[in-house]
Amino acid sequence: MLVMSGTIGAGKTSLTHLVAEHFGSQAFYESVDDNPILPLFYKDPKKYAFLLQIYFLNKRLDSIKSTFGNDLDVLDRSIFEDSLLFHLNGDLGRATSTEVDIYDSLLTNMMQELPEAEHQKSPDLLIHINISFDTMLQRIQKRGRSFEQIDQDPALYKYYQTLNDRYTDWYANYDHSPKMQIDGDELDFVADPAARATVIQMIDEKVKSLG
Ligand SMILES: Nc1ncnc2c1ncn2[C@@H]1O[C@H](COP(=O)(O)OP(=O)(O)OP(=O)(O)O)[C@@H](O)[C@H]1O
């Protein structure tokens, strides 16, 4: 399975669609609009951070299981990024250290590969879309999901900035599968057909190199 990663507004959903279309495989999206916990979390992060992570963990494991047997199926977000977000929320005092520890051990337990299992749960390839903080802010504003808007909650500015910063180290240290990075500022695969062709070719070559 191929999985996308990248900050809020990086373009994971759009690239998931393009890549699945290219390979003629299935795309799996985690619907944001149908998520009942997300607006609650943005309203009261301290109360809902842990519940939100458990919700995501459950959903993402479901998606992973749906791809079993189809190496080219695409997931719009990696399960491993949730941990980055939750650690950030923990550092901001929105989750206790006990909640973070329990979450970490649950994730490790769920993702453990069992020798007798027919399919592995880790992806075959992680495709990381890197965007600058400015691009992130523009995309969040343009998309206009009300609960994500900084003018509704100015504290989100710092949250987004720290999140974007942490992605650099997160990607550098990611070692659950082969990985590749797309420069989402340079290559606007949504608006620019030439950039789209370049990105698809990069992914195609990477997938071929993995055999
Ligand atoms: N583990 C998590 N913890 C807290 N919030 C999360 C988590 N995962 C996703 N979110 C929130 O869910 C919303 C959707 O995020 P996500 O990055 O998955 O999709 P997206 O912004 O639509 O991405 P893209 O534009 O790249 O398709 C954002 O508001 C994000 O903050």
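**Helix α3 and the ligand shell**

Reader: Which helices each supply at least two residues of the shell around the ligand?

Author: They are α1 (12–23), α3 and α4, where helices are DSSP runs (H or I, at least four residues) numbered from the N terminus. This is a predicted model, in which local features need pLDDT of at least 70, side-chain atom pairs count only at pLDDT 80 or more, and totals for chains, interfaces and linings use all residues. Residues are numbered from 1 along each chain as its sequence is written.

Reader: Which residues come nearest to the ligand?

Author: Of the 17 residues around the ligand, these are Ile-8, Lys-12, Thr-13, Asp-82 and Leu-85; a residue counts as near if its C-beta atom, placed from the backbone, lies within 6 Å.

Reader: Now the packing. At what angle do α3 and α4 pack?

Author: Helix α3 (residues 45–66) and helix α4 (residues 79–91) pack at about 175°, with axes 10 Å apart. Axes are lines fitted to C-alpha atoms over the stretch in contact, and angles run from 0 to 180 degrees between N-to-C directions. Therefore α3 is roughly antiparallel to α4 (over 145 degrees).

Reader: And how are α3 and α5 arranged, parallel or antiparallel?

Author: They are roughly parallel (under 35 degrees). The angle between α3 and helix α5 (residues 97–111) is about 5°, and their axes are 11 Å apart.

Reader: Which residues in α3 meet α5?

Author: Phe-50, Gln-53, Leu-57 and Leu-61 in α3 meet residues of α5 including Tyr-103 and Met-110; contact requires C-beta atoms, placed from the backbone, within 7 Å.

Methods:
Parallel < 35°, antiparallel > 145°, perpendicular 65-115°, else oblique. Contact = placed C-beta atoms within 7 Å.
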